[in-house]
Structure formats: structure tokens, C-alpha cells
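Please walk me through this structure in plain terms.

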Amino acid sequence: MKKQPVILVDMDDVLAEFTEEWLRRYNEDYDDTITAEVFDGWDAVKSVKPECGVNILDYFKAPGIYRHLKPKAGSQAVMQELIDLGADVMIVTDSPMGCTFGGQDWKGSNPTDDKRAWLMEHFPMIPVENVIVARKKWFVIGDVLIDDKPATIEKFQEMNRKIIAMEMPYNRKTPARLRAKTWEDVREILLREFYPELEVAVGSNG
Ligand SMILES: [Mg+2]
């Protein structure tokens, strides 16, 4: 029987349109009009108004921010296709620190639970048991990771591990051997790498 690949998949800006919602909230609060295009690296602080500054990072802890995001175009269909082919899909996502519980009056939410609930809603084909919360993703066993974070892309390549860089403006300067602009690109790379026998199917989905 064919050995099936273990495919590790990040959530924010890989499965979910996180930056779009993050900047929508910032633009509304600070009367600004920026998009992800202003980010030429991972440090968002220097691209926002000085009166916001490091507070831009506090949005990661905003109650519910991970709960209502748009899935990235094409991501659901590709996840379903990979699972149908027999691949093991594991979600490897980081979750913000410092979201503390404050007793009965607490109005916050648990970002990790929000991420799980979001996944159950939009990716019911992925069991919630397959969610791994990790920042140092290179300690997780798998055949490939799909991620957008420059430091993670660099570390995986340094370790000679396979990573597909999901292109975002802040990782364009990060050298990546495998790079995808869309989920159709991800699909083509994964089918080529792990299901070469399906060669004819590549490109027929878009
Ligand atoms: Mg991400």
C-alpha cells in the first residue's frame, strides 16, 4: 500500500484570511486605509500609525478575532481532495499568549478554542484532534508544512525540511524553494511531490 504523506498546514493566512480582518479592525480604529501590501517583513509595528505602534499586536488577543474569518479561496476543496486521497492532514498553528480568564464578568474568548471552532465550521473534514498548537513548528513530524511566516520558512529550509511558502507581502523577500500564490499552486506542488501517479489531474482544477 502507498505510504501516505503527513501534510502540516498552518491556519492564519494559509487557511484563514487573518491579516485582512486584523487590518480591517486596525483601519477602523485608527482611521487608516492600509492593506497587507505595506508589510515588507514580519514586523507590522513600523507600518502602522505611531499612535497605534505596538498596540497593533494586541489585536491578536481581541476576543473572537479568530472565530469569524474567511477561508482562503480554494483551501477547502484542496483539503478535501488530499483527505480523499488518503493524506494525513495536521493543522499546526500558533495561538496568542496572555488571554487570561477573569471570572464571571470576563467577556473574552479563548483563541485556541476559537480556532478549533472555526475549523469545525469551515473544515469539517479535518478532525479537531488533528490540531497541534505550536510556535516551533519544526519539532512537529511531517512530510511538508504550508506556512507564511518568514522565520518558519527559513528554519525548515535550514533543516532541509520541505515547506511551501504561502505568499504574502511580508514573505516575498524570504527565499523559498517552494512557493505558492494560491491554493491551486499548493495543490499542484503537493500532487507533484506526493501523488505523481495523478499527473494528469494537475492543472485540471482551475
Ligand atoms: Mg500563518
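The magnesium ion has three protein donors, Asp10 (OD), Asp12 (O) and Asp148 (OD), which lie 2.0 to 2.2 Å from it. Donors here are N, O and S atoms within 2.8 Å of the metal (3.2 Å for Na, K and Ca), and water is not among the atoms, so sites may look incomplete. Along the chain, the donors of the magnesium ion follow the spacing D-x1-D-x135-D. Asp12 lies in the loop between β1 and α1, and Asp148 in the loop between β4 (144–147) and α4 (150–158), so the pair ties together parts that are 136 residues apart in sequence. Asp12 and Asp148 are both buried. Buried means under 20% relative accessible area, exposed means over 50%, and partly exposed covers what is in between (1.4 Å probe, protein chains only).

A word on the source: this is a predicted model, in which local features need pLDDT of at least 70 and side-chain atom pairs count only at pLDDT 80 or more, while totals for chains, interfaces and linings use all residues. Residues are numbered from 1 along each chain as its sequence is written, and side-chain values use heavy atoms, with hydrogens and water left out.

The names of helices and strands come from DSSP runs, numbered from the N terminus: helices are H or I runs of at least four residues, and strands are E runs of at least two. Two strands pair if DSSP finds at least two bridges between them. Strand β1 (residues 6–9) pairs with β2 in the parallel sense over four bridges. One of the residues involved is Val6, whose bridge partner in β2 is Asp88. Strand β2 is joined by three bridges to strand β3 (residues 131–133), and these two run parallel. Here Ile91 has Val131 in β3 as its bridge partner. Strand β2 (residues 88–93) is mostly covered, with five of its six residues buried.

Next come the aromatic rings. Rings of Phe, Tyr and Trp (its six-membered ring) pair if their centres lie within 6.5 Å; planes under 30 degrees apart count as stacked, over 60 as edge-to-face and the rest as tilted. By this rule there are eight aromatic pairs. In one of them, Trp22 and Phe39 are tilted, with 5.8 Å from centre to centre and 40 degrees between the planes. Trp22 lies in helix α1 (residues 18–30) and Phe39 in the loop between α1 and α2 (75–85), so this pair ties together parts that are 17 residues apart in sequence. Both Trp22 and Phe39 are buried. Another tilted pair is Trp118 and Phe123, at 5.6 Å centre to centre and 45 degrees between the planes. Trp118 and Phe123 are buried too. Ring pairs also link Phe18, Trp22, Phe39, Phe60 and Tyr66 into a cluster.

Where is Leu69 found? Leu69 lies in the loop between α1 and α2, and it counts as buried because its relative accessibility is 6%. Leu69 and Trp22 are 47 residues apart in sequence, and their C-alpha atoms are 9.7 Å apart in space.

On a 1 Å grid over the protein atoms alone, a cavity is a set of points where a 1.4 Å probe fits but cannot get out, and a pocket is an open set with protein on both sides within 12 Å along at least five of seven lines; lining residues have an atom within 4 Å of a point. Grid points are joined across faces, edges and corners, and a volume is the space filled by probe spheres set on the points. The largest pocket holds about 660 Å³ of space. It is lined by 28 residues, of which Asp12, Trp42, Phe60, Asp94 and Lys149 are the closest to its centre. The lining of this largest pocket divides into eleven nonpolar, five polar and twelve charged residues. Ala, Val, Leu, Ile, Met, Phe, Trp, Tyr, Cys and Pro count as nonpolar, Asp, Glu, Lys and Arg as charged, and the others, Gly among them, as polar.

Two backbone angles remain. Asp13, in the loop between β1 and α1, has a phi near 65 degrees, a positive value in a residue other than glycine. Asp31, in the loop between α1 and α2, has a positive phi near 50 degrees. Asp13 counts as buried because its relative accessibility is 3%, whereas Asp31, at 66%, counts as exposed.
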